[in-house]
Amino acid sequence: MRLRDFLDDGRDSESLAMSRRGRNSRLIAMVVMAGFLAAIFGPPPALAWVATNLGLELWLVRLLHGLDGRAERPLPLAARLAPALIFSSVWSVSALLAWQHGPPIMKFAALLTLLGLIVESLKYAALSRSATVSLLPPPVIALAVMPFSVGKPLWLEILASSLALLGLGGYLVDAARLLRANALALERAQVEAQEASRAKSAFLAMMSHELRTPMNGVLGMAHALGSTKLDARQADYLEIIVESGDGLMAILNDILDLSKIEARKLELEAAPFEIRVLGRQLQRVWRETARAKGLALSLQIAPDTPRWLSGDPIRVRQILLNLVSNALKFTQDGRVDIAIAPHAAGGVEITVSDTGVGMTSEQQAKLFTPFVQGDRSIARRFGGTGLGLSICRELAGMMGGRIGMVSRPGEGSTFTVVLGLATAEAPAPEAAPDVALDVAGARVLVVDDNLANQAVARAILEAVGVLVATAGDGREALARLRVEDFDVVLMDVHMPVMDGVEALRRVRNGEGGRRDMPVVALTADAMSGEVERLIGLGFDDAHPKPIQPAGLIQAIAWRRAPALAKSPPVKLVAD
């Protein structure tokens with residue numbers, strides 16, 4: 001390997017950036033050394049010392065400025081190495097002069113200076129060979145010269161100093177090699193970890209689609225079956241199916257949420273919402289569960305709590321649902337109390353306390369770790385994935401807040417969430433669109449390669465009088481659109497032969513008859529931004545799977561009504 005190839009390792013930009021971070025330390029050391037020089041040798045040497053170092057710092061600033069603007073044309077190797085070499089030489093020569101002409105205290109300071117330069121060069125060894133080679137020779141040479149600057153040494157003294165210097169050199173080379181090897185191993189590990197994280201995200205996205213597709217069939221047909229005439233036993237069985245399906249979806253959503261958070265793809269909305277209404281909704285949701293266990297469930301809202309806050313109400317509700325759910329799960333008798341109040345530093349403070357089993361300090365230490373519960377007995381006895389609290393902590397942090405807890409075994413637990421949400425003005429009331437959800441007689445084309453999904457959509461829509469036709473892929477859908485008239489197309493995104501995105505492009509190009517045909521995407525992809533991406537591609541709307549019957553019927557009613565073409569669809573909010 002040529003010397004230039006050995007030195008030009010492509011890491012000099014990182015070493016220059018590291019030198020920028022160490023500028024304050026160098027300036028402090030310069031001032032201290034200038035004080036010593038002024039006290040011992042007078043002002044002229046001190047001023048010369050300060051001027052030289054400030055000149056070097058200005059040169060370094062100019063090089064860094066040029067480096068920032070040369071992403072495509074890196075600086076020449078000599079220009080990148082010169083600052084470190086000159087800086088090290090100036091300090092080494094100054095130390096050698098202090099050793100030769102200074103009092104004993106300056107000799108000691110000179111040794112410390114040279115050792116500091118050697119340590120500094122080893123710091124850069126983990127980053128760049130060229131920076132180490134630039135910084136290390138001057139202090140080593142100065143150390144080699146020192147024994148000859150105090151008179152004529154004896155041959156034994158020369159031998160001893162030479163052996164000591166060789167030993168130091170061998171140590172420095174070995175230390176630099178080990179530091180460099182460790183740094184490269186760490187870089188490789190980081191690259192592998194990033195690749196593994198990307199692979200995990202891709203796997204979760206794929207599994208989301210594959211799991212949501214059959215769950216769409218299970219829950220969709222269960223909802224359709226619920227609209228038929230059932231006896232009491234059949235209704236109970238159906239309720240168990242729906243509850244089990246909802247439980248599976250909750251686990252899947254938790255895993256996806258964690259994946260989005262780790263991939264930095266989870267985005268929070270900023271909309272005004274009523275924290276009081278959200279608290280009362282939550283109390284109603286869990287009231288029956290608490291009553292069935294014989295527990296008291298109370299809600300206290302401080303009078304000075306802001307009525308309207310700006311934030312993501314769905315995620316705030318998710319945090320509260322997790323905390324109250326855990327409190328009820330781990331409390332066998334007593335009570336669960338929810339308190340909402342303004343926080344002294346702004347935002348809102350939510351407290352959920354219970355009289356449950358409590359936790360030891362060891363259990364609390366790993367409570368917010370993903371997939372970890374207090375201990376195995378908790379997982380066996382109460383179930384769960386151990387994801388809820390980890391997600392709550394991440395969501396609270398994204399909202400500019402935090403979550404903490406206090407607990408003692410046998411005395412219950414108290415979780416406190418502080419959310420940095422700003423107060424908001426009450427939103428202007430929206431005019432209710434003049435449209436009924438009567439979709440009887442509407443003609444809808446359902447495009448999906450999965451027969452179970454086709455059956456789900458048919459069962460849901462035909463129950464409200466919709467006339468349903470089906471197609472197995474985009475090409476078949478285009479063929480039907482050319483010869484038949486439909487009010488709305490429900491289009492799956494991922495299909496063989498021709499997927500939904502390509503089919504939509506051809507519809508908008510006129511290959512399916514009407515260019516303005518309302519096309520609603522049905523997607524099993526639940527990663528952040530998928531709905532926005534699909535709408536950006538030209539879909540009129542997008543609905544995730546498993547299909548929610550009310551939302552699907554509402555979308556068809558809205559797209560079918562020409563008068564509402566410029567109005568947003570009605571959002572149904574469960575109270």
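We will begin with the whole chain, then visit a sheet, one of its strands and some charged pairs.

This is a predicted model, in which local features need pLDDT of at least 70 and side-chain atom pairs count only at pLDDT 80 or more, while totals for chains, interfaces and linings use all residues. Residues are numbered from 1 along each chain as its sequence is written, and side-chain values use heavy atoms, with hydrogens and water left out.

Let's start with the overall picture. The chain has 20 helices and 13 strands; these are DSSP runs numbered from the N terminus, with helices being H or I of at least four residues and strands being E of at least two. Of its 575 residues, 41% count as buried. Buried means under 20% relative accessible area, exposed means over 50%, and partly exposed lies in between (1.4 Å probe, protein chains only). If you look at contacts (heavy atoms within 4.5 Å) between residues at least 6 apart in sequence, 70% join residues at least 24 apart.

Now find the open sheet made of five strands, in the order β10-β9-β11-β12-β13, with parallel pairing. At its edges stand β10 (467–471) and β13, each with a single partner strand, so one side of each has no neighbour in the sheet. On average, neighbouring strands here are turned by 20° against each other, direction ignored; such angles are taken between axes, lines fitted to C-alpha atoms (for helices over the stretch in contact), and run from 0 to 180 degrees between N-to-C directions. Strands of a sheet pair through backbone hydrogen bonds, either parallel or antiparallel. Two strands count as paired if DSSP finds at least two bridges between them. For example, β9 (residues 443–447) and β10 run parallel and are joined by five bridges, with Arg-443 standing opposite Leu-467 of β10.

Where does β12 sit, enclosed or open? All five of the five residues in β12 (residues 519–523) are buried, so the strand is largely enclosed by the rest of the structure. Val-519, Ala-521 and Thr-523 are buried on one side, and Val-520 and Leu-522 on the other, which leaves both faces covered. Four bridges pair β12 in the parallel sense with β11 (residues 488–492), and there Val-520 is the bridge partner of Leu-490. Between β11 and β12 the chain passes through helix α18 (residues 500–508), making a right-handed β-α-β crossover. Right-handed means that, with the strands pointing away from the viewer, the path from the first strand over the helix to the second runs clockwise. β12 also pairs with β13 (residues 541–544), in the parallel sense and over four bridges, and Leu-522 stands opposite His-543.

Let's turn to charge. Side chains of opposite charge can pair when their charged atoms come close. A search of the whole structure finds 15 salt bridges, each a side-chain nitrogen of Lys or Arg within 4 Å of a carboxyl oxygen of Asp or Glu. One of them joins Glu-274 and Arg-307 at 2.6 Å, N to O. Glu-274 is in strand β1 (residues 271–274) and Arg-307 in the loop between β2 (296–301) and β3 (308–311), so this pair ties together parts 33 residues apart in sequence.

Back in helix α18, Arg-505 and Glu-502 are three residues apart, about one helical turn. Salt bridges that share partners join Glu-502, Arg-505, Arg-506 and Glu-511 into one network.
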